[in-house]
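Hi,

Here is the structure I said I would pass on to you. Have a look at it first, and then read on for what turned up.

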Amino acid sequence: MSGKEKKPSEETTGRARGEEWWQTSIIEMMPGVIRLRGYEIQDLIGRVSFPAMIWLMLRGELPTDEQADLLGIALGAAVDHGPQAPSIAIARMAATCGVGINSAMASAINVLGDVHGGAGEQALAFYGDIAIAMDEGATLTDAVAARLNRFFAEESGYVPGFGHRFHPVDPRAPRLLEVTRDFAARGVVGGRFATIAEAIEAEITRRKRKRIPLNIDGATAVIYGELGFPPPLTRGLFVLSRSVGILAHAWEQTEQGGRNKGPLPREWLWAYAGTPKRKLPDDGG
């Protein structure tokens, strides 16, 4: 090493190693500086709405005001469905165990899986398969029929995004489609996923000879698809939305009090289907 060359200091070396450890294009942060996707946090505060912040963080660019509005509408529609929804019930039960707000929320969020919470992701993937077939030359009718044929031949259960075990018609879905059509008429979105969803509902009705209408998962999937979000983010956006209801119920239950409230009142016991009462074998044999 020549006299002019300097050995890197431990501070410089440590910083370089730290920079190699994590790499992100989301946030730049140093003492006195916070930049999100390149924007100074103080410039965003008071100027950018929460839905627009979600868009910026996930997509890297700010949405238009109307895109942020439509995203906010979808998020607002799915915030709660009452204690009969497992996530809400779990939040309230956890609160009665004295775990605190954060643990009650985490307990609830952790059950938002494929069955409860994942239908929006599955619905958007379903719509996407149909959109790909149309891009390859199929008509809307043929693409919908082919995808449903494959679903009923290879998969089981309900077509994701359609039907509801509680509501004959989910009151949220028609309104969300109406709003989507309004935004499409103004050129904010294209309206393609709304058309696909309506065609699926019509074809299911024709096959089943009864209406199985679009539900909240299918309707919000329409909006997230129109806005260009990929299917996996649809589930994440649902988690963000439902977290509002989870927080509200966890807090309400905390204020109401109560201890160790289970899924049923004490006087309502579960059905036992095991071995009848019996005695231990005679040890003396």
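The protein chain has 12 helices and 3 strands; helices (H or I, at least four residues) and strands (E, at least two) are DSSP runs, numbered from the N terminus. Its radius of gyration is 25 Å, well over the 19 Å that the globule rule gives for 285 residues, so the chain is more spread out than a compact globule. That radius is taken over C-alpha atoms, and the rule is 2.2 Å times the number of residues to the power 0.38.

Before the details, some housekeeping. This is a predicted model, where local features need pLDDT of at least 70 and side-chain atom pairs count only at pLDDT 80 or more, while totals for chains, interfaces and linings use all residues. Residues are numbered from 1 along each chain as its sequence is written, and side-chain values use heavy atoms, with hydrogens and water left out.

**Overall picture**

Along its principal axes, the C-alpha trace spans about 90 × 70 × 45 Å. The accessible surface comes to about 17,900 Å², and 56% of that belongs to carbon and sulfur atoms. Accessible areas come from the Shrake-Rupley method with a 1.4 Å probe, and for residues only the protein chains shown count as cover. Of the 285 residues, 36% are buried (buried means under 20% relative accessible area, exposed over 50%, partly exposed in between, with a 1.4 Å probe and protein chains only). Take the contacts between residues at least 6 apart in sequence: 68% of them join residues at least 24 apart, where contact means heavy atoms within 4.5 Å.

**The sheet**

The 3 strands make an open sheet in the order β1-β2-β3, with antiparallel pairing. Its edge strands are β1 (27–30) and β3 (39–40), each pairing on one side only. Two strands pair if DSSP finds at least two bridges between them. β1 and β2 (residues 33–36) pair over 4 bridges, and β2 and β3 over 2 bridges.

Helix α5 (residues 86–96) has S87, I88, A91, R92, A94, A95 and T96 as its buried residues. They pack against α6 (101–109) and α12 (231–256). Just after α5, G98 takes a positive phi of about 75°.

Over in helix α9 (residues 172–185) you will find T180. With a relative accessible area of 1%, T180 is buried. Leaving aside residues up to four places away in sequence, T180 touches V189, A194, V222, I223 and E226.

**Aromatic rings**

The structure holds 4 aromatic pairs. Rings of Phe, Tyr and Trp (its six-membered ring) pair if their centres lie within 6.5 Å; planes under 30 degrees apart count as stacked, over 60 as edge-to-face and the rest as tilted. The ring centres of F126 and F151 are 6.0 Å apart and their planes are at 75°, so this pair is edge-to-face. The pair links distant parts of the chain, with F126 in helix α7 (residues 119–135) and F151 in helix α8 (residues 140–154), 25 residues apart. Both F126 and F151 are buried.

F151 also forms an edge-to-face pair with F152, at 5.4 Å centre to centre and 80° between the planes.

Elsewhere, ring pairs link W55, Y224 and F229 into a cluster. The charged end of R59 sits over the ring of F229, 4.5 Å from its centre. Likewise, the charged end of R186 sits over the ring of F183, 4.3 Å from its centre. A charge sits over a ring if NZ of Lys or CZ of Arg is within 6 Å of the ring centre and within 35 degrees of the ring normal.

Cheers
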